[in-house]
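Here's a quick briefing for anyone meeting this structure for the first time. Have a look at the model, then work through the notes below.

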Amino acid sequence: MPSQENRRITDVGTLRALGHPLRMTLYRALLVAGAATASQLGGQVDEAPSLVSYHLRKLADHGLIEEAERRGGDGRERWWQPASDGVSVRGADFRDAPEKEVAHLAFTRLYLDQRTELYRRYLDERATWPTEWNDAVADAEGNLRLTAAELASLQGELLTVIRKYDEKGRADEAAGDTEGRENVALHVYGFPFRA
């Protein structure tokens, strides 16, 4: 996968391209796999390779994914990979027009729905995971009294810790330490609310 940092999405066209339910699922699957074909992804999402290929091309049109080096198998199949290590979408980039805010809200809700579904799937499959994984699962909530600046600072610190563990895990895996290593989703939300 290219070593480009997370790509910051700032235009509505790209946001809408990624904000399609199947495309978001395919993008996430490519982030996990590193590279895959439309046939492989079609099997994961239970869709026809031709439909998956169409949606992969839409993601590529917006620079979110790119063709990858071919790997074994059928030489006619295209391999795809993410064009960056991920994406970031910030509300501040879409506040200057109502239609942009609507697109951002729709994207964010879909993203939340897919994250929630991923966690639900873990809960449904929890009994199939070894005890050490179930004991390591984090499920916590804190109700803090912060200013906006303090929340921004907290987010920065949390992202630094997350990056540290991600980089170490990837480096260890590249060095051959693969025993017991799994994909781990970590969702962090920090938002104001009124009781």
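The largest nonpolar core has 25 residues, and Leu18, Leu41 and Leu56 are the ones that touch the most other members. A nonpolar core here is a set of buried Ala, Val, Leu, Ile, Met, Phe, Trp, Tyr and Cys residues joined through side-chain atoms within 4.5 Å. Keep in mind that this is a predicted model: local features need pLDDT of at least 70, side-chain atom pairs count only at pLDDT 80 or more, and totals for chains, interfaces and linings use all residues. Residues are numbered from 1 along each chain as its sequence is written, and side-chain values use heavy atoms, with hydrogens and water left out.

- H2 gives the most, with six residues.
- Helices (H or I, at least four residues) and strands (E, at least two) are DSSP runs, numbered from the N terminus.
- Leaving out residues up to four places away in sequence, Leu18 touches Ile9, Arg23, Met24, Tyr27, Leu59, Leu64, Val87 and Phe107; contact means heavy atoms within 4.5 Å.

**The nonpolar surface patch**
- Leu144, Leu146, Leu154, Leu158, Leu186 and Val188 make a nonpolar surface patch of about 520 Å².
- Patches take residues with over 30% relative accessible area and no salt bridge, joining like charges within 9 Å and nonpolar side chains (Val, Leu, Ile, Met, Phe, Trp, Tyr) within 5 Å.
- A salt bridge is a side-chain nitrogen of Lys or Arg within 4 Å of a carboxyl oxygen of Asp or Glu.
- Leu158 sits in helix H7 (residues 148-174) and is partly exposed at 36% relative accessibility.
- Leu146 lies in the loop between helix H6 (131-136) and H7, and it's partly exposed too, at 43%.
- Beyond its neighbours within four places in sequence, Leu146 is in contact with Leu151 and Leu154.

**Two loop residues**
- Ser84 is in the loop between strand E4 (79-82) and strand E5 (87-89), and at 3% relative accessibility it counts as buried.
- Buried means under 20% relative accessible area, exposed over 50%, partly exposed in between (1.4 Å probe, protein chains only).
- A polar atom of the Ser84 side chain lies 2.6 Å from the backbone oxygen of Gly86.
- Arg95 is in the loop between E5 and H5 and is exposed, at 56%.
- Arg95 and Arg120 are 25 residues apart along the chain, with their C-alpha atoms separated by 32 Å.

Technical notes. A polar contact is a pair of N or O atoms within 3.5 Å; within protein, one must be able to donate a hydrogen and the other to accept it, and residues adjacent in sequence count only if both atoms are side-chain atoms. Accessible areas come from the Shrake-Rupley method with a 1.4 Å probe; for residues, only the protein chains shown count as cover.
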